[in-house]
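Subject: A structure for you to look through

Dear colleague,

Please keep it open while you read.

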Amino acid sequence: MTVKASLTESWQITIPPEVRHKLGIKAGDELVFIISGDEVRLRPIKRRRLSEFRGALPATCPYPGKQAVRNQVGKFLTNKASEST
(Lines give C-alpha, C1' and ligand atoms only; values in the text may rest on other atoms or scores of the structure.)
Protein backbone atom coordinates (compact mmCIF):
# COMPACT_ATOMS: atom_id res chain seq x y z
CA MET A 1 0.00 0.00 0.00
CA THR A 2 1.29 3.44 -0.92
CA VAL A 3 -0.38 6.50 0.63
CA LYS A 4 0.70 10.14 0.49
CA ALA A 5 0.43 12.87 3.14
CA SER A 6 1.74 16.43 3.37
CA LEU A 7 3.82 18.10 6.05
CA THR A 8 2.37 21.37 7.37
CA GLU A 9 4.34 24.54 8.05
CA SER A 10 4.28 23.66 11.76
CA TRP A 11 5.96 20.28 10.98
CA GLN A 12 2.81 18.21 11.54
CA ILE A 13 1.38 15.44 9.43
CA THR A 14 -2.07 13.88 9.36
CA ILE A 15 -1.94 10.12 9.12
CA PRO A 16 -4.32 9.10 6.34
CA PRO A 17 -7.41 7.10 7.35
CA GLU A 18 -6.25 4.03 5.39
CA VAL A 19 -3.04 3.90 7.43
CA ARG A 20 -4.83 4.55 10.75
CA HIS A 21 -7.24 1.74 9.98
CA LYS A 22 -4.50 -0.66 8.87
CA LEU A 23 -2.43 0.02 12.03
CA GLY A 24 -5.49 0.08 14.29
CA ILE A 25 -4.52 3.43 15.82
CA LYS A 26 -6.64 6.24 17.21
CA ALA A 27 -6.13 9.71 18.68
CA GLY A 28 -3.82 9.60 21.70
CA ASP A 29 -1.99 6.41 20.66
CA GLU A 30 1.80 6.55 20.71
CA LEU A 31 3.86 5.77 17.62
CA VAL A 32 7.53 4.97 17.13
CA PHE A 33 9.51 6.03 14.08
CA ILE A 34 12.12 3.49 12.97
CA ILE A 35 14.77 5.17 10.82
CA SER A 36 16.95 3.09 8.53
CA GLY A 37 19.04 5.05 6.04
CA ASP A 38 16.62 7.28 4.13
CA GLU A 39 13.57 5.16 5.04
CA VAL A 40 11.24 5.63 7.99
CA ARG A 41 8.85 2.99 9.29
CA LEU A 42 5.97 3.88 11.58
CA ARG A 43 4.87 1.42 14.24
CA PRO A 44 2.20 1.83 16.92
CA ILE A 45 3.17 1.27 20.54
CA LYS A 46 0.45 -1.00 21.83
CA ARG A 47 -0.18 -0.89 25.56
CA ARG A 48 -0.93 -4.29 26.99
CA ARG A 49 -2.66 -5.27 30.18
CA LEU A 50 -0.54 -6.91 32.82
CA SER A 51 -2.96 -9.84 32.81
CA GLU A 52 -1.92 -10.61 29.22
CA PHE A 53 1.52 -11.62 30.50
CA ARG A 54 0.18 -14.19 32.94
CA GLY A 55 1.95 -17.48 32.39
CA ALA A 56 4.64 -15.94 30.18
CA LEU A 57 7.40 -16.92 32.60
CA PRO A 58 7.78 -20.15 34.52
CA ALA A 59 6.85 -19.88 38.20
CA THR A 60 9.83 -20.44 40.49
CA CYS A 61 7.68 -20.49 43.62
CA PRO A 62 3.97 -20.71 44.34
CA TYR A 63 1.97 -17.48 44.37
CA PRO A 64 1.70 -16.40 48.03
CA GLY A 65 -1.48 -14.39 47.53
CA LYS A 66 -2.31 -10.74 46.94
CA GLN A 67 -1.92 -9.64 50.57
CA ALA A 68 1.52 -11.26 50.91
CA VAL A 69 2.68 -9.51 47.72
CA ARG A 70 1.35 -6.18 49.02
CA ASN A 71 3.22 -6.72 52.31
CA GLN A 72 6.46 -7.48 50.46
CA VAL A 73 6.10 -4.38 48.28
CA GLY A 74 5.35 -2.26 51.36
CA LYS A 75 8.49 -3.53 53.11
CA PHE A 76 10.58 -2.92 50.01
CA LEU A 77 9.30 0.65 49.60
CA THR A 78 9.80 1.37 53.30
CA ASN A 79 13.41 0.10 53.15
CA LYS A 80 14.07 2.09 49.97
CA ALA A 81 12.67 5.29 51.51
CA SER A 82 14.77 4.86 54.67
CA GLU A 83 17.92 4.31 52.60
CA SER A 84 17.43 7.57 50.70
CA THR A 85 17.15 9.68 53.88
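Which residue in β2 is the bridge partner of Ser36? The bridge partner of Ser36 there is Glu39. Before going further, please note that this is a predicted model, in which local features need pLDDT of at least 70 and side-chain atom pairs count only at pLDDT 80 or more, while totals for chains, interfaces and linings use all residues. Residues are numbered from 1 along each chain as its sequence is written, and side-chain values use heavy atoms, with hydrogens and water left out.

The strands come next. Strand β1 covers residues 30-36 and strand β2 covers residues 39-45, and the two pair in the antiparallel sense over seven bridges; strands are DSSP runs of E with at least two residues, helices are runs of H or I with at least four, and both are numbered from the N terminus. Two strands are said to pair if DSSP finds at least two bridges between them. Further along this pairing, Ile34 has Arg41 in β2 as its bridge partner. Together β1 and β2 make a hairpin with two residues between them, and Gly37 in the turn has a positive phi of about 65°.

A positive phi is also found at Trp11, again about 65°, although Trp11 is not a glycine. Most residues other than glycine have a negative phi. Trp11 sits in the segment before α1 (17-23), and Trp11 counts as exposed because its relative accessible area is 70%, where exposed means over 50%, buried under 20%, and partly exposed in between (1.4 Å probe, protein chains only).

A pocket is defined on a 1 Å grid over the protein atoms alone, as an open set of points where a 1.4 Å probe fits, with protein on both sides within 12 Å along at least five of seven lines, and lining residues have an atom within 4 Å of a point; the volume is the space filled by probe spheres set on the points, which are joined across faces, edges and corners. The lining has 15 residues, of which Ile13, Ile15, Phe33, Val40 and Leu42 lie nearest the centre. β1 and β2 each supply at least two residues of this lining, and β2 gives the most, with four.

There is one salt bridge, meaning a side-chain nitrogen of Lys or Arg within 4 Å of a carboxyl oxygen of Asp or Glu. Lys26 and Asp29 form this contact through their side chains, at 3.7 Å from N to O. Lys26 is exposed, because its relative accessible area is 61%, whereas Asp29 is partly exposed, because its value is 28%.

Finally, Glu52 is in the loop between β2 and α2, and Glu52 is partly exposed, because its relative accessibility is 43%.

Best wishes
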